[in-house]
Amino acid sequence: MRQRYLVFLSLFASLPAMAITFQTRLEKVEWKVEGDKFECRLSQPITDFGAGEFVRRAGEQATFRLKARERWMGAGSATLLAAAAPWQPGRGDINLGVVSVGGGEVPFNSSQQQAGRLLTGLLEGRSPLVRHRTLQGGDSMEVRLLPVKFNQAYQDYLACTAKLLPVNFDQIRHVQVGFPGGGMELDEMARAKLEIMLDFIRADPSVNHIEIDGHSDNSGNRLTNRDLSRRRALAVFDYFKANGFPEAQMVMRFHGERYPLAPNNSPANREKNRRATVQLSRVDLPVEAPAAAPAAAPAPAPTETPAPAPTTAPGVQGAAANPQPRTGS
């Protein structure tokens, strides 16, 4: 009897500890789609935890992340899986590698490749699953999203991503415009880059400041190179101005050959140095005080209206006020 009891204890001790699992009940699962021209989000709230969401910024592919209301996850490396749904016990999980977990409301962001495989897995009925340990105590924990109602939400998400701008601010904030032929005119490629920047500025009016720097290679003398760099910066300045960007919100500089990108020791390197750089930013513009209203003209001083002259001389009744002199006969 004792031997059988010891065997039972050894078997029980060999079983894995029960993991703490965060998962929304099947009947309460919902997907949300939110976004604009700059970013689209596809998310599922997770009961007692927060949410799991796919985020796609303009100009990029999606990443996957968790948003936690409380700090459940300890620092370290968590395992990310495209897991078989609970009702698919015969399917194996697909291990997508690890993600680095830190602190804060968003403990990690996946790679774009991992997110793409998670989205494919959801379309196949798989669940995004994060396996890690808790911050306090180091207990095993799992956070799982369910593929229920995913297909329609995914179509709404695709409709959102179709409206994204081609670039985001980080990609467009610093751009180089080349002058490969050595001149000072904007070529087709340069104009295309500036048009992309203008489209972004129109979509995001908070981008309200442009700095333009002109450069040259060292082919000519310094005065010639300085003038070339000035004309290149001016070509970009005039393009923005002609397309409606306020002149007062631009700064233009020109440097000649002083700041090369590459040594001027080959035709290819000299071509790189013939350029203008454009930098976008958001600055607090000075607020103009409203013009003071013109002072009201002082009201004229009241004047006394003189009394009308009497029609008769005072003290004389019936006599004319202005008797005419009599003439003799």
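Guide: A cavity is a set of grid points where a 1.4 Å probe fits but cannot get out, and its volume is the space filled by probe spheres set on those points. This is a predicted model, and the largest cavity in it has a volume of about 50 Å³.

Visitor: How many cavities of 30 Å³ or more does a search of the whole structure find?

Guide: The search finds one cavity at that cut-off.

Visitor: Which residues line the largest cavity?

Guide: The lining consists of Phe49, Ala68, Glu70, Arg71, Trp72, Met73, Gly102, Gly104 and Pro107.

Visitor: What makes a lining residue nonpolar, polar or charged?

Guide: The residue type decides: Ala, Met, Phe, Trp and Pro are among those that count as nonpolar, Glu and Arg are among the charged, and Gly counts as polar. On that basis the lining of the largest cavity divides into five nonpolar, two polar and two charged residues.

Visitor: Why is Phe237 called buried?

Guide: Buried means under 20% relative accessible area. Phe237 has a relative accessible area of 10%, so Phe237 is buried. This residue is found in helix H6, which covers residues 222–242.

Visitor: Which residues is Phe237 in contact with, leaving aside its neighbours within four places in sequence?

Guide: Contact requires heavy atoms within 4.5 Å. With those neighbours left aside, Phe237 is in contact with Ile212, Glu247, Met250 and Met252. As for Asp213, it is 24 residues from Phe237 in sequence, and the two C-alpha atoms are 9.7 Å apart in space.

Visitor: Why does Asp204 count as buried?

Guide: The same cut-off of under 20% applies. Asp204 has 12% relative accessibility and therefore counts as buried. Asp204 lies in the loop between helix H5 (188–203) and strand S11 (209–214).

Visitor: What joins the side chains of Asp204 and Ser206?

Guide: A polar contact of 2.5 Å joins them; the cut-off for such a pair of N or O atoms is within 3.5 Å. Beyond its neighbours within four places in sequence, Asp204 is in contact with Phe38 and Arg282.

Visitor: What share of the 329 residues in the protein chain is buried?

Guide: Buried residues make up 36% of them. The chain has seven helices and 13 strands, and it exposes about 20,400 Å², with carbon and sulfur atoms supplying 54% of that area.

Key. Residues are numbered from 1 along each chain as its sequence is written. This is a predicted model: local features need pLDDT of at least 70, side-chain atom pairs count only at pLDDT 80 or more; totals for chains, interfaces and linings use all residues. Side-chain values use heavy atoms; hydrogens and water are left out. Helices (H or I, at least four residues) and strands (E, at least two) are DSSP runs, numbered from the N terminus. Buried means under 20% relative accessible area, exposed over 50%, partly exposed in between (1.4 Å probe, protein chains only). Accessible areas come from the Shrake-Rupley method with a 1.4 Å probe; for residues, only the protein chains shown count as cover. On a 1 Å grid over the protein atoms alone, a cavity is a set of points where a 1.4 Å probe fits but cannot get out, and a pocket is an open set with protein on both sides within 12 Å along at least five of seven lines; lining residues have an atom within 4 Å of a point. A polar contact is a pair of N or O atoms within 3.5 Å; within protein, one must be able to donate a hydrogen and the other to accept it, and residues adjacent in sequence count only if both atoms are side-chain atoms.
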